[in-house]
Amino acid sequence: MLQTIRRFVIDNYLFGEEGQLGDEDSFMETGIIDSTGILELVRFLETTYGIKVTDEELIPDNLDSVSKIVSFILAKQSDSQQTPHDCSSRLPEETRP
Amino acid sequence: MKPDGVVSSDLLRLDVEAETARITGWIRNTVFHTLRRKGAVIGVSGGIDSSVVAFLCARALGTDRIQLLFMPEADSSPQSLQLGRMVADALNAKSALEDISPILAGAGCYQRRDDSIRLVVPEYGLGHKCKIVLPGLLDAGRYAIFSVVVQSPDGKMSKVRLTPDAYLGIVAATNFKQRTRKMMEYYYADLLQYAVAGTPNLLEYDQGFFVKNGDGAADFKPIAHLYKSQVYQLAAYLGVPEDILRRPPTTDTYTLEQSQEEFYFALPYEQMDLCLYGKDHGISALDLAQAYGMTEDLVERAYHMIESKRKVTKYLHAQSMTID
């Protein structure tokens, strides 16, 4: 999962130039992703991991670095497995970290 | 800031008489001598900024050397044209009405916008109205992600977060409006050998609240150094009609009424002005907040947003790149 997300960020926001992107680097502080980029990121996460990101979850604590995204997705997947209305089967392209 | 470190409660107060003299002198010199044009074309929207620019150009160049343009389209509020005519009447200036709706329809502006909205609101169609909005700056630290607000023909309102395709499609389509208006302004500029006046204030100019090669294009921008609240001070001094002074700032771009605050700035312009001033003059968030009854957290978020918008919109200010 970490490598998939990292690849997406590099391909979409760093034009394929890997450079020095660290997994903990803040997207906001480094200026890598703007608000349109967040929309693209959310679409990628929703379609790749079969989750639904709510408006309340659109905060830097969840999406501001590769590591934070991984933690967020894992938590979402864990939550969805514990609820009767499990949506994780919609698009199970990748479910393991 | 005052010497004792206390922030003045009057940071943006303008000497309107001196500033008017400075700006009108600059307009005269710029238009006649630097640009060597015979007058100025001003697109008048009925808003405060274009009204002030029209009044300043009239003072600087003479009323007979300005051409005002009203350029409504299908989604414009009828009030915009009424207010624009008030400016022309007050100045006794020549004006022209150019309805740009047929040009926009020909370019597919409305069709493309509606197709993009239907990506997230499939039932959107005839009789529906829309606008796009941002969350407020106090909205729990969320990213500034756009949503579309739709009103159905029976008056029911709904709000849906935009996907990237829908957002970019709506913005790209509606940008036809500003670019078409600028095309029309340059038609008159060519016809009359006039220069085109731009009407952004400092807040809009600094924060990139304009369409590149649309309302961002002009031969001169006489109020781009003034905070929005200073533009209001000038307006009152210059005698801009009261109805225009009282009208809340609007984008007048979407079929639903949309404030500049919900579309771009996320704060009322009075607070945005102060935050922009505070950030650029090294005033701490705490000092500014205490002086103007805001919270430190709000000011800090505004400071961050200002920096962020500057980065994102840097490209809008860039000239065409060439090889040295």
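Where is the place of A:Arg43 in chain A?

Guide: A:Arg43 has its place in helix α3 of chain A; helices (H or I, at least four residues) are DSSP runs, numbered from the N terminus. This is a predicted model, in which local features need pLDDT of at least 70, side-chain atom pairs count only at pLDDT 80 or more, and totals for chains, interfaces and linings use all residues. Residues are numbered from 1 along each chain as its sequence is written, while chains are lettered from A and ligands numbered from 1 in the order in which they are written.

Within chain A, A:Val53 is 10 residues away from A:Arg43 in sequence, and their C-alpha atoms are 8.9 Å apart. Setting aside neighbours within four places in sequence, A:Arg43 is in contact with B:Thr163 and B:Pro164 (C-beta atoms, placed from the backbone, within 7 Å).

Helix α3 (residues 35–49) of chain A packs with helix α6 (residues 164–192) of chain B at an angle of about 150°, and their axes are 9 Å apart (lines fitted to C-alpha atoms over the stretch in contact, with angles from 0 to 180 degrees between N-to-C directions). From α3(A), the contact is made by A:Thr36, A:Leu39, A:Glu40 and A:Arg43; from α6(B), by B:Pro164, B:Tyr167 and B:Leu168. By class, this contact of α3(A) with α6(B) has four nonpolar, one polar and two charged residues.

Notes
Helices (H or I, at least four residues) and strands (E, at least two) are DSSP runs, numbered from the N terminus. Two residues are in contact if their C-beta atoms, placed from the backbone, lie within 7 Å. Ala, Val, Leu, Ile, Met, Phe, Trp, Tyr, Cys and Pro count as nonpolar, Asp, Glu, Lys and Arg as charged, and the others, Gly among them, as polar.
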